[in-house]
Amino acid sequence: MELWQVFLYYIFISVVASFITIYDKNAAIKHNWRISELTLMVIGILGGALAMLITMKKTRHKTKHRLFMVGLPLEIIIHFFLLSFIVYKNFFY
């Protein structure tokens, strides 16, 4: 996988993560159908953790849930190491 593809993927998944987080916040306010916590965490592990964490903090959504306030930073750390490996592999192999 080339770096530009990784970059485009992270942009896409970040937009999706932010959209889903905002949708869930609005659904919570209106008492409508919600996005499950499992779905939110899966979107995070697929690459949207940073965007989701920032969006949650900005909209004050799920900031009292330990699952998100601990889980998303852990996912961000995992992404950092994966991206570091991809960059290393692209530049040094």
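The following is a conversation about a predicted model of a protein.

Biologist: Which elements does the protein have, from the N terminus on?

Modeller: In this predicted model, the secondary structure comes to 3 helices and 0 strands. The C-alpha atoms of the protein fill a box of roughly 50 × 25 × 20 Å along the principal axes. Read from the N terminus on, the elements run α-α-α.

Biologist: What share of the contacts with a separation of 6 or more is made by residues 24 or more positions apart?

Modeller: The protein has 93 residues, of which 30% count as buried. Among the contacts with a separation of 6 or more, the share that joins residues 24 or more positions apart is 65%.

Biologist: Which residues of helix 3 are buried, and what covers them?

Modeller: A residue counts as buried under 20% relative accessible area, and in helix 3 this holds for Phe68, Gly71, Leu72, Glu75 and His79. What covers the buried residues of helix 3 includes helix 1 (3–30) and helix 2 (37–59).

Biologist: Are helix 1 and helix 3 roughly parallel or roughly antiparallel to each other?

Modeller: The axes of helix 1 and helix 3 are 10 Å apart, and the two helices pack at an angle of about 160°. Angles over 145 degrees count as roughly antiparallel, and therefore helix 1 and helix 3 are roughly antiparallel.

Biologist: Which residues of helix 1 and helix 3 make that contact, and how many of them are nonpolar?

Modeller: Helix 1 contributes Leu3, Val6 and Tyr10, while helix 3 contributes His79, Leu83, Ile86, Val87, Asn90 and Phe91. By class, this contact of helix 1 with helix 3 has 2 polar and no charged residues, and the number of nonpolar residues is 7.

Biologist: At what angle do the axes of helix 2 and helix 3 cross, and how many charged residues does their contact have?

Modeller: The axes of helix 2 and helix 3 come within 9 Å and cross at roughly 95°. Because angles of 65 to 115 degrees count as roughly perpendicular, helix 2 is roughly perpendicular to helix 3. The contact of helix 2 with helix 3 has 16 nonpolar and 5 polar residues, and the number of charged residues is 3.

Biologist: What is Leu40 in contact with, leaving aside its neighbours within four places in sequence?

Modeller: Leu40 is one of the core residues that touch the most other members. With its neighbours within four places in sequence left aside, Leu40 is in contact with Ile20, Asp24, Ile35, Met52, Met56, Lys62 and Phe68.

Biologist: Is Lys62 buried or exposed?

Modeller: Lys62 is found in the loop between helix 2 and helix 3, and its phi is near 60°, a positive value in a residue other than glycine. Most residues other than glycine have a negative phi. The relative accessible area of Lys62 is 10%, and therefore Lys62 is buried.

Biologist: Is Arg60 buried or exposed?

Modeller: Arg60 is found in the loop between helix 2 and helix 3, and has a positive phi of about 55° although it is not a glycine. Since its relative accessibility is 70%, Arg60 counts as exposed.

Biologist: Which residues is Lys57 in contact with, leaving aside its neighbours within four places in sequence?

Modeller: Lys57 lies in helix 2 and, at 52% relative accessibility, counts as exposed. The C-alpha atoms of Lys57 and Met69 are 9.4 Å apart in space, with the two residues 12 apart in sequence. Beyond its neighbours within four places, Lys57 is in contact with Thr63 and Met69.

Conventions. Residues are numbered from 1 along each chain as its sequence is written. This is a predicted model: local features need pLDDT of at least 70, side-chain atom pairs count only at pLDDT 80 or more; totals for chains, interfaces and linings use all residues. Side-chain values use heavy atoms; hydrogens and water are left out. Buried means under 20% relative accessible area, exposed over 50%, partly exposed in between (1.4 Å probe, protein chains only). Helices (H or I, at least four residues) and strands (E, at least two) are DSSP runs, numbered from the N terminus. Contact means heavy atoms within 4.5 Å. A nonpolar core is a set of buried Ala, Val, Leu, Ile, Met, Phe, Trp, Tyr and Cys residues joined through side-chain atoms within 4.5 Å. Axes are lines fitted to C-alpha atoms, for helices over the stretch in contact, and angles run from 0 to 180 degrees between N-to-C directions. Angles under 35 degrees count as roughly parallel, over 145 as roughly antiparallel, 65 to 115 as roughly perpendicular and the rest as oblique. Ala, Val, Leu, Ile, Met, Phe, Trp, Tyr, Cys and Pro count as nonpolar, Asp, Glu, Lys and Arg as charged, and the others, Gly among them, as polar.
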